[in-house]
Amino acid sequence: MKKKPNYRLRRIVALVILILLILVPILIFNRANISHIPTKIKYSEYKSIVNSLYKVDFSNGEVRDMIETLKKKKKINEIRYDYIESLKDKGYSKDTIIYVLKNLSKTEMTKLLNRKYDKDLEEYVLINGFDYSKYNRYLSYQKNNKNVKKEDIVLRIELKIDLDNYEDTEEIEDPDSLLAYVNKHRYISKDYEPSDLVDMDDKYSNNYYGVNKLRKEAYEHFKEMVDAANKAGIEFLADTTYRSYEDQEIIYNNYAYEHTKDETDKYAARPGYSEHELGTAIDVSNVWYIEEGDEEYEWIQKNSWKYGFIMRYKKGKEDITKYAAEDWHIRYVGVKTATLIHNKGITFDEYWIKYVKKDN
Ligand SMILES: [Zn+2]
């Protein structure tokens, strides 16, 4: 007689295999994290760290804060007290020691201690936005741009000025924000379309090739600006405004058809990377695109900020914007921001790093 198959056993074996299949990857994946969670920290470790902090002239309150920070970062048992003393012996200031303890990994600290005293580092740690993980990039940028201040180097590395165009790119998270920041490293999702686009009137827009669209708030302010300009005897219109991803793709491909890739990238944004896709950028014309020297340009330069517009790609700022100057391209950012950018004489790129990214 044929033996009846043992279904129960098979079911158990299948279940065990299934559980293992789920559990093993989870365990492997978590191992790295688990190894970072400190086991019990010995009192003697605390005491030694506290003692050596006092040797660096920390006050009572500072020692408490430092220990709290190190605990939160689960670093206490990663930092040996002799790191602190060695950093002091090397000549590092309290500010640098605080930065190092808070931000560097044990490996990075060890490497730093094996190098000779680094005067540049002492200056860099005091700069807002300094990021040790980019330290080598600061140094090599500094080597090739000796007259740029360290503060500006930190900012420029944040803007990825040292990288090639379209290198290390990321999708922006807030295309609906009036302060959305798009450049050659930051792109808009292919599917994005502003929800408040409005059709522009012939009075304000060259609708010859189809009715131009703009986001509502930008349009309201543009109308005000054009009315004010007209009163002063200056005339201009919106020539190009909102473009979809597909529109930009066509423009880029048409340009690429007749030019080398480098030339194309210099004069046309790749699809996803054009500010026009935000619905707040306008190319302004009076028969021809407005250019420096035109009375319209002078008027816009002097007055557009009052209506919330900035001139986005200026001459002399090409190394920051990574765009050839576009005298006719303006962008709505709101009156408050436009006023600040105008008064400080900075680019939107610098503004974004200093005032928007900082708050995130
Ligand atoms: Zn433009």
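Why does Lys160 count as buried?

Tutor: Lys160 counts as buried because it has 20 C-beta neighbours inside 10 Å. A residue is buried if 20 or more other C-beta atoms lie within 10 Å of its own, exposed if 12 or fewer, and partly exposed in between, with C-beta atoms placed from the backbone. The model is predicted: local features need pLDDT of at least 70 and side-chain atom pairs count only at pLDDT 80 or more, while totals for chains, interfaces and linings use all residues. Residues are numbered from 1 along each chain as its sequence is written.

Lys160 lies in the loop between helix 9 and strand 1 (170-171); helices (H or I, at least four residues) and strands (E, at least two) are DSSP runs, numbered from the N terminus. Although Lys160 is not a glycine, its phi is positive, at about 65°. The loop between helix 9 and strand 1 also holds Asp168, a residue other than glycine whose phi is likewise positive, near 55°. Asp168, however, counts as exposed, because it has 8 C-beta neighbours inside 10 Å.

The domain assignment, which is an automatic or database one, gives domain 1 (43-125), domain 2 (127-158) and domain 3 (170-359). The C-alpha centres of domain 2 and domain 3 are 29 Å apart.

Helix 9 (150-158) is one of the elements against which the buried residues of helix 16 pack, the others being strand 8 (309-313), helix 14 (318-321), strand 9 (326-332) and helix 15 (335-344). In helix 16 (residues 348-356), the buried residues are Phe348, Asp349, Glu350, Tyr351 and Trp352.

Elsewhere, helix 2 (residues 43-55) packs with helix 3 (residues 60-72) at an angle of about 135°, their axes lying 10 Å apart. Axes are lines fitted to C-alpha atoms, for helices over the stretch in contact, and angles run from 0 to 180 degrees between N-to-C directions. Helix 2 and helix 3 are therefore oblique to each other; angles under 35 degrees count as roughly parallel, over 145 as roughly antiparallel, 65 to 115 as roughly perpendicular and the rest as oblique. Val50, Leu53 and Tyr54 of helix 2 make the contact with Val63, Met66 and Ile67 of helix 3, contact requiring C-beta atoms, placed from the backbone, to lie within 7 Å.

Asn77 is placed in the loop between helix 3 and helix 4 (81-90). Asn77 counts as partly exposed because it has 16 C-beta neighbours inside 10 Å.

Conventions
Contact = placed C-beta atoms within 7 Å.
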